[in-house]
Amino acid sequence: MKHLKPVLIIFSIFISIIFIVPTLLVLPFSSEKETANLDEKLKNPPSVEELANSVEVAVYRSNQDLIEKLPLEQYVVGVVAGEMPADFEKEALKAQALAARTYIVNQLLLEDSTVPKGADVTDTVSHQVYKNQKELAGLWGADYDWKVKKISDAVLETMGQVLTYDGKPITAAFFSTSNGYTENSEAYWPNEYPYLRSVESPWDSASPRFEDQKVIPIKEFEQKLGVTLPKDGSVGTITSRTEGKRVAGVEINGKGFSGREIREKLELRSSDFSWYLKDNHIVIATKGYGHGVGMSQYGANGMAKEGKDYQDIVTHYYKDVKITESDKLLQKVTAQR
C-alpha cells in the first residue's frame with residue numbers, strides 16, 4: 001500500500017490538470033458578451049454585363065492619329081453604326097452586332113502587330129469601321145436619336161453573345177453584298193476555315209450594290225495589270241471560277257492572274273467580273289460588293305425581311321457555329337492584361 005500512495009497522488013494530479021487547464025483557458029472569455037461573429041459573404045462571379053463594361057477597347061482613330069478607349073459594348077454600338085445602315089431590319093442589326101462583338105473579342109485575345117502601339121484595333125476596314133457618338137450625330141443629324149436607339153437596342157439584346165467554333169471565337173468575316181453566293185475562305189484568303197463555307201444568298205439581288213459597271217481606258221488597264229493586249233482584239237480568258245461563282249483565274253496575253261489580284265489592281269467592287277472592249281476602253285461589269293466571305297449584310301437584311309431572326313441569319317452564313325456567352329472569354333481577356 002505504501003508503494004501505491006505515490007502512484008495515486010500522481011494520478012490525481014494528472015486528472016486535475018486535464019479538467020482544470022481547459023477551464024482556465026476558457027475563463028478569460030466566459031465573462032465577456034459576444035460582440036461580433038465571423039461573417040460569410042461569398043462573391044458571385046461577375047455577370048456578363050459587368051465583364052463587358054469592365055473590358056476596355058483601345059481604338060486607333062486613323063484620321064486623328066490618336067487612341068480612343070471605351071467599354072466593349074459601347075464599341076460594338078459604334079461598329080454596327082459604322083458598318084450597317086440603321087434602317088436595316090432589327091434582326092439584321094442584331095446579327096451584325098453578334099459578328100462585330102465576336103470579331104473584337106477574338107482580336108483582344110490575339111497579338112496583332114499591325115495595329116499601332118497601345119491600340120487593340122483600328123477604325124478602318126482593315127479591322128472594323130467604328131464611329132463614335134459625335135461622328136454619328138454629325139452624319140445622322142435629325143435622325144440621330146432613333147437610329148442610335150435602334151442600334152443600341154440591337155446590341156443590348158445580344159449582349160455578351162459571341163459566335164464560337166470548337167469553343168473558340170470565330171473569324172466573323174462580313175461584307176456588303178454577294179453575287180448570289182458567299183465564298184469559301186481559302187478562295188480569297190490563305191487560310192481555310194470550316195465555318196466560312198460558300199452558301200447561297202439569293203436575297204442580295206435586291207441590294208443597290210448588286211451590279212456595277214466600270215469603264216477603264218485601255219492604257220490604264222494595261223498599266224495597272226502590267227500587260228499588253230494582243231493586236232487580234234482579244235481581252236483575256238477566264239480560266240476558272242470558285243465555288244462561290246467568282247473568278248478564280250484569268251489569263252491575259254499569256255499572263256495569269258487570280259480573281260482577287262484583278263479586283264484589287266483594278267479597284268473593282270467584286271471578284272465576280274467580266275469585261276469587253278469598246279472604243280479604246282475596257283467595260284467591266286461586276287456582281288456583288290466586297291470579298292464575299294462570311295455574312296452578307298444585304299443578305300442578312302433580306303432574311304430578316306422574310307421573318308428570320310438573328311440566330312437563323314448567323315447560322316446560315318457561318319456553318320456549324322454556336323452562339324455562346326462570352327464571360328469565360330472576357331475573363332481570359334482580363335487575365336491577359
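Reply: Helices (H or I, at least four residues) and strands (E, at least two) are DSSP runs, numbered from the N terminus. Here the protein has eleven helices and 14 strands. This is a predicted model, in which local features need pLDDT of at least 70 and side-chain atom pairs count only at pLDDT 80 or more, while totals for chains, interfaces and linings use all residues. Residues are numbered from 1 along each chain as its sequence is written, and side-chain values use heavy atoms, with hydrogens and water left out.

Me: What share of the residues count as buried?

Reply: Buried means under 20% relative accessible area, exposed over 50%, and partly exposed in between (1.4 Å probe, protein chains only). Of the 337 residues, 44% count as buried.

Me: Why is helix 9 described as largely enclosed?

Reply: Helix 9 spans residues 297-305, and eight of its nine residues are buried, so the rest of the structure largely encloses it. Among the buried ones are Tyr 298 and Met 303. Contact means heavy atoms within 4.5 Å; the cover of these buried residues includes helix 3, helix 4 (90-109) and helix 10 (310-317).

Me: Is Glu 73 buried or exposed?

Reply: Glu 73 lies in helix 3 (residues 72-83) and counts as buried because its relative accessibility is 6%.

Me: Which side chain does Glu 73 join in a polar contact?

Reply: A polar contact is a pair of N or O atoms within 3.5 Å; within protein, one must be able to donate a hydrogen and the other to accept it, and residues adjacent in sequence count only if both atoms are side-chain atoms. The side chain of Glu 73 is joined to that of Arg 101 by such a contact of 2.9 Å.
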